[in-house]
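Subject: The structure we talked about

Hi,

Here is the structure I promised to pass on to you. Have a look at it first, and then read my notes below.

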Amino acid sequence: MSFQLSTYLKEGTKSTHDQAETSQFQRRLANAEISRTDYADYMGQLYLIHRALEHGLASNAATKDVANQQEFQADYLARDLKVLGQEPDKVKPRNATKEMLARIESESKSNPLALLGYHYVLLGSKHGGKFIAAKVREKFEFDGEGCLYFDPYGTNFMPIWLKFKSNLDTAAQDETGGAIVLNAAKDMFEYFAKLGSELDAAAN
């Protein structure tokens with residue numbers, strides 16, 4: 001059987017994915033047991049990550065034909081932040097975000113395949129995002145925007161996801177390239193764990 005990057009990533013990230021989903025902050029978010037302030041803080045950090053990553057994806061020859069504009073989410077986050085009373089361009093990165101932004105910048109220059117691993121995790125989060133959207137929409141009484149980021153595509157998500165996976169499978173043909181993408185995906189899951197811990201500490 002030929003090497004398939006999307007399958008390699010799914011199998012290789014299972015443990016880090018499970019750890020990220022069971023963190024205290026992610027449980028609070030999934031159950032809407034979170035203050036509006038903490039929610040806005042979290043969304044602001046994701047905006048900074050998406051903005052940097054999507055610029056890198058669109059600027060690199062190795063990635064620009066794999067991830068497309070339809071999959072980019074910084075604009076959704078910007079719209080959500082405005083509903084939350086935040087100016088997107090004034091968001092300040094927390095420590096975990098500073099580290100991740102530096103990594104994205106470095107990989108964009110020296111190892112652009114890694115950007116696909118980051119994007120794989122962020123786009124894949126939409127599988128469960130609709131459940132988070134429903135919870136926070138009810139808690140904060142949003143009408144569309146405010147939680148748009150978690151469920152921006154509605155019933156159109158699966159075709160978008162399958163198209164990305166198909167494109168992804170052309171990006172690396174063996175485990176050498178696949179390992180670059182896999183390690184980056186793991187780094188993104190670990191970023192979520194670090195950010196969650198930082199936000200939990202700030203909330204206590």
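This is a predicted model: local features need pLDDT of at least 70, side-chain atom pairs count only at pLDDT 80 or more; totals for chains, interfaces and linings use all residues.

Residues are numbered from 1 along each chain as its sequence is written, and side-chain values use heavy atoms, with hydrogens and water left out.

Back to His119, which sits in helix α7. Helices here are DSSP runs of H or I with at least four residues, strands are runs of E with at least two, and both are numbered from the N terminus. Which residues does His119 touch, not counting those up to four places away in sequence? They are Leu53, Leu57, Ala67, Glu71, Phe72, Gly124 and Phe164; touching, or contact, means heavy atoms within 4.5 Å.

Helix α1 covers residues 5–12, and Leu5, Ser6, Tyr8 and Leu9 are buried in it. Looking down the axis of α1, these buried residues fall within an arc of 160°, so they line one face of the helix. (The arc is that of the directions from the helix axis to the C-beta atoms.) The exposed residues Lys10 and Glu11 are on the face turned away from that buried side. The buried residues of α1 pack against α7 (113–124), α9 (157–168) and α10 (175–203).

Gly178 belongs to helix α10 and is buried, at 0% relative accessibility. Leaving aside neighbours within four places in sequence, Gly178 is in contact with Phe3, Leu5, Tyr8 and Ala172. Gly178 and Ser6 are 172 residues apart in sequence, yet 9.1 Å apart in space, C-alpha to C-alpha.

**The core**

In soluble globular proteins, nonpolar side chains tend to be buried together. A nonpolar core is a set of buried Ala, Val, Leu, Ile, Met, Phe, Trp, Tyr and Cys residues joined through side-chain atoms within 4.5 Å. How many residues does the largest one have here? It has 66, and those with the most contacts inside it are Tyr39, Tyr42, Met43, Phe150 and Met188. Not counting residues up to four places away in sequence, Tyr39 touches Leu29, Ile34, Leu84, Val136, Phe140, Phe142, Gly146, Cys147 and Phe150.

**Two helix pairs**

Two packed helices are described by the angle between their axes and the distance between the axes. Axes are lines fitted to C-alpha atoms, for helices over the stretch in contact, and angles run from 0 to 180 degrees between N-to-C directions. Angles under 35 degrees count as roughly parallel, over 145 as roughly antiparallel, 65 to 115 as roughly perpendicular and the rest as oblique.

The axes of α6 (residues 95–110) and α10 cross at roughly 160° and come within 8 Å, and these two helices are therefore roughly antiparallel to each other. By class, their contact has five nonpolar, two polar and five charged residues. (Ala, Val, Leu, Ile, Met, Phe, Trp, Tyr, Cys and Pro count as nonpolar, Asp, Glu, Lys and Arg as charged, and the others, Gly among them, as polar.)

Now try α4 and α6: their axes are 10 Å apart, at an angle of about 5°, so the two are roughly parallel to each other. From α4, Gln45, Leu48, Ile49, Ala52, Leu53 and Gly56 meet Thr97, Met100, Leu101, Ile104 and Ser108 of α6. These residues divide into seven nonpolar, four polar and no charged.

**Two loop residues to look up**

Ala32 is not a glycine, but has a positive phi of about 55°. Ala32 lies in the loop between α3 (24–30) and α4 (36–59), and is buried, with a relative accessible area of 9%. Glu141, also not a glycine, has a positive phi of about 60° and is found in the loop between α8 (126–140) and α9. Is Glu141 buried or exposed? At 71% relative accessibility, Glu141 counts as exposed.

Enjoy exploring!

Technical notes
Buried means under 20% relative accessible area, exposed over 50%, partly exposed in between (1.4 Å probe, protein chains only).
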